[in-house]
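Morning, everyone. Please have a look at the sequence and the model on the screen, and then I'll walk you through a few parts.

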Amino acid sequence: MKAVRFSQFGGPEALEIVDLEDPHPGPGEVRIAVRAAGVNPSDWKKREGLMDQELPQTMGYEAAGVVDELGEGVTEVAVGDRVFGLSAGGAAQAELTVLSYYAPIPASLDFAGAAALPAAVETAARALDHLGVGSGSVLLVNGASGSVGSAAVQLAVVRGARVIGTASPANHEYLRSLGAEPVAYGEGLVERVRALAPGGVDLALDVAGSRVLPELIELAGGPEHVVTIADFAGAKEHGVRFSSGDAGRAVYALGEIGGLIESGRFSLPVAQTFPLAEVAAAHRASQHGHTGGKLVLLVG
């Protein structure tokens, strides 16, 4: 099968399309013929050597496609079903991939739209769980207009929370459409949030990693009320919890998101699609940022 891989750290030009052996699913897993695979900021960070140090590395943790092989014990889906999910092996940007966690694709979504979901939905749900967001919570989301941020906003609204979200002014109307109260990020953030919530907020989620943890701690009344998914160094410095999948993933969210999508309570836009062969261009777009939605590779 064709798959994305890099054998040395570097820029997007380090990415190669190579032939690898076809994977096979283990117990409880399924293999899919990939139709679309998500691109995430962690991809270019891995490629530049900022995360895992082993070489070579394959790419991609989320995909959507058609089931073509079942692992032992799988009964909830069948060969030929459309599914989306997470690849624990990190090789989703390929013609075939094994999904360890998966769910049926909602009827209203195409493969690209489904491939955009898994990482953002799981990350957002996990962070909200770590914070204990529930009905009546007042939640501040820093970086609310990106894929994970907008997922967190919508899932928090579904849980009954009041959500205040930071974003550039150009994205404020979008945040309002998701049910959040927008504020601009940057200097004066504390004052702008207090104008909306004079007593501060109950909880704060940092998605952007823009060095605002001290302000979030001030607004939320202590580091124990703040979670970041983007500022590992800042979390250590300020005593804030860093949410990662190492402590368990919120994979239940994959099975729940379809109902929210079909009822009109959740959406995640795809900003741009690229053929698998143009993965380097997708990396450049991801690294540039401000994409206004998910980047997705189309396969087959």
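One definition before we start: two strands count as paired here if DSSP finds at least two bridges between them. Also keep in mind that this is a predicted model.

Let's begin with strand 3, residues 30-39. How do strand 3 and strand 7 pair? They pair in the antiparallel sense, over four bridges. That clears the cut-off of at least two bridges. Strand 7 covers residues 96-99.

Strand 3 has other partners. Seven bridges join it to strand 5, residues 62-70, and those two run antiparallel. There, R31 stands opposite E69 of strand 5. Then comes strand 16, residues 294-298. Strand 3 pairs with strand 16 over four bridges, again in the antiparallel sense. V39 stands opposite L295 in that pairing. As a reminder, strands of a sheet pair through backbone hydrogen bonds, either parallel or antiparallel.

Is strand 3 enclosed or exposed? Nine of its 10 residues are buried, so strand 3 is largely enclosed by the rest of the structure.

Look at the strand 11 end. Strand 10, residues 162-166, is joined to strand 11 by three bridges, and the two run parallel. T166 has V183 of strand 11 as its bridge partner.

On to the aromatics. How many aromatic pairs turn up in a search of the whole structure? Two. One is F6 with F9. Their ring centres are 5.9 Å apart and their planes are at 50°, so the pair is tilted. F6 is buried, at 0% relative accessibility. F9 is partly exposed, with a relative accessible area of 28%.

The other pair is F232 with F242. This one is edge-to-face, at 5.3 Å centre to centre, with 90° between the planes. F232 belongs to helix 8, residues 232-238, and F242 to strand 14. They are 10 residues apart, and the pair links distant parts of the chain. F232 counts as exposed, at 51% relative accessibility. The cut-off for exposed is over 50%. F242 is partly exposed, with a relative accessible area of 28%.

One more ring to point out. The charged end of R82 sits over the ring of F111, 5.3 Å from its centre.

Last stop: another arginine, R126. R126 lies in helix 3, residues 118-131. Is R126 buried or exposed? Buried, at 5% relative accessibility. What does R126 touch, leaving out residues up to four places away in sequence? The contacts are S243, S244, G245, G248, R249 and A250.

That's the tour. Questions, please.

Technical notes:
Residues are numbered from 1 along each chain as its sequence is written. This is a predicted model: local features need pLDDT of at least 70, side-chain atom pairs count only at pLDDT 80 or more; totals for chains, interfaces and linings use all residues. Side-chain values use heavy atoms; hydrogens and water are left out. Rings of Phe, Tyr and Trp (its six-membered ring) pair if their centres lie within 6.5 Å; planes under 30 degrees apart count as stacked, over 60 as edge-to-face and the rest as tilted. Buried means under 20% relative accessible area, exposed over 50%, partly exposed in between (1.4 Å probe, protein chains only). A charge sits over a ring if NZ of Lys or CZ of Arg is within 6 Å of the ring centre and within 35 degrees of the ring normal. Contact means heavy atoms within 4.5 Å.
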